[in-house]
Amino acid sequence: MLALNLERVLRRIERARLAYDAHQIISLVAVSKYQSEAHIRALYEYGQRAFGENKVQDLRTKSESLSDLPIEWHFIGSLQENKINTLLNLQPSLLHSLDSLKLANAVQKRLGERKIRALLQVNAANEASKSGVSIESAKDIYEQICATCPNVKLEGIMSIGAHSDDRALIERSFKLTRDVFDSLKPNGAKILSMGMSGDFEIAIAYGANLVRIGSKLFEEVR
Ligand SMILES: *Cc1c(COP(=O)(O)O)cnc(C)c1O
């Protein structure tokens, strides 16, 4: 089932990619947050290399027990300051959820000589249930982090699409995020992380070059 799910998702990404721009390169992060190590291992065997977790403790447990595999781990959940050291020690490939200047400063302080690649999380749909900086403040905060946190290597923007059945609202949240991303390209932004199981094709149509997909990859797998 996992192999079939992966094949279906990859085919859908490919179709959306070609409709958007044949030159676009899109990365898939498999969100394994509710999955066992066995399922992650199985998906790895089918070729998937990047996995995402949203809890520091889970990332630690899974990355340690799967340390025999060269998996690229992404951290996508909200990061509490008291978990920063644990996360940094795990050396994730990319932190998607840097959601304030305050958090960036706290990460910078604990990095010492180390560096971390990160994305600024934008709350494009302006939903109280989501973290992230506002669309209006995103460019300013991005520039402040670049200026004051030399070891936090910002490489782009992450956002979660509007939680809605209204396609126009979802499109609007992705368009707003894309506009912020475009405005940050002169600052070196190159990763636009948006799109999940329910909306990744819309996200790709608005320029996403990294999609984070969980349930569609692991559905009906027990
Ligand atoms: C869970 C999660 C995803 C994946 O969601 P699915 O709907 O299962 O594909 C993507 N991004 C973040 C930040 C998540 O927490």
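# A guided tour of helix packing and buried residues

Begin by selecting helix 5 (residues 101–111) and helix 6 (135–148), which pack at an angle of about 15 degrees with their axes 10 Å apart. That angle makes helix 5 roughly parallel to helix 6. Angles under 35 degrees count as roughly parallel, over 145 as roughly antiparallel, 65 to 115 as roughly perpendicular and the rest as oblique. Axes are lines fitted to C-alpha atoms, for helices over the stretch in contact, and angles run from 0 to 180 degrees between N-to-C directions. Helices (H or I, at least four residues) and strands (E, at least two) are DSSP runs, numbered from the N terminus.

The model is predicted: local features need pLDDT of at least 70 and side-chain atom pairs count only at pLDDT 80 or more, while totals for chains, interfaces and linings use all residues. Residues are numbered from 1 along each chain as its sequence is written, and side-chain values use heavy atoms, with hydrogens and water left out.

Stay with this first pair. Helix 5 passes helix 6 in a right-handed crossing; a crossing is right-handed if the near helix is turned clockwise from the far one by less than a right angle, and left-handed if anticlockwise. Next, display Leu101, Ala104, Asn105 and Gln108 of helix 5 with Ile141, Gln144, Ile145 and Thr148 of helix 6, which make the contact (heavy atoms within 4.5 Å). By class, this contact has four nonpolar, four polar and no charged residues. Here Ala, Val, Leu, Ile, Met, Phe, Trp, Tyr, Cys and Pro count as nonpolar, Asp, Glu, Lys and Arg as charged, and the others, Gly among them, as polar.

Which residues of helix 5 are buried? They are Leu103, Ala104, Ala106, Val107, Gln108 and Leu111, where buried means under 20% relative accessible area, exposed over 50% and partly exposed in between (1.4 Å probe, protein chains only). These residues pack against helix 4 (84–89), strand 4 (94–98), strand 5 (116–122), helix 6 and strand 6 (152–159).

Ile135, Ala138, Lys139 and Tyr142 in helix 6 meet Leu176, Thr177, Val180, Ser183 and Leu184 in helix 7. These residues divide into six nonpolar, two polar and one charged.

For another pair, turn to helix 2 (residues 37–45) and helix 3 (residues 56–65), whose axes come within 10 Å and cross at roughly 55 degrees. That makes helix 2 oblique to helix 3. Their contact is made by Glu37, Ile40 and Arg41 of helix 2 and Thr61, Lys62 and Ser65 of helix 3. It has one nonpolar, two polar and three charged residues.

Next, select the rings of Phe51 and Trp73, a tilted aromatic pair with 6.1 Å centre to centre and 45 degrees between the planes. Rings of Phe, Tyr and Trp (its six-membered ring) pair if their centres lie within 6.5 Å; planes under 30 degrees apart count as stacked, over 60 as edge-to-face and the rest as tilted. Phe51 lies in strand 2 (residues 50–53) and Trp73 in strand 3 (residues 72–75), so the pair ties together parts that are 22 residues apart in sequence. Both residues are buried.

Finish at Ile191, in strand 7 (residues 191–193). Ile191 is buried, with a relative accessible area of 12%. Leaving aside neighbours within four places in sequence, its contacts include Leu94, Leu119, Ile157 and Phe181.
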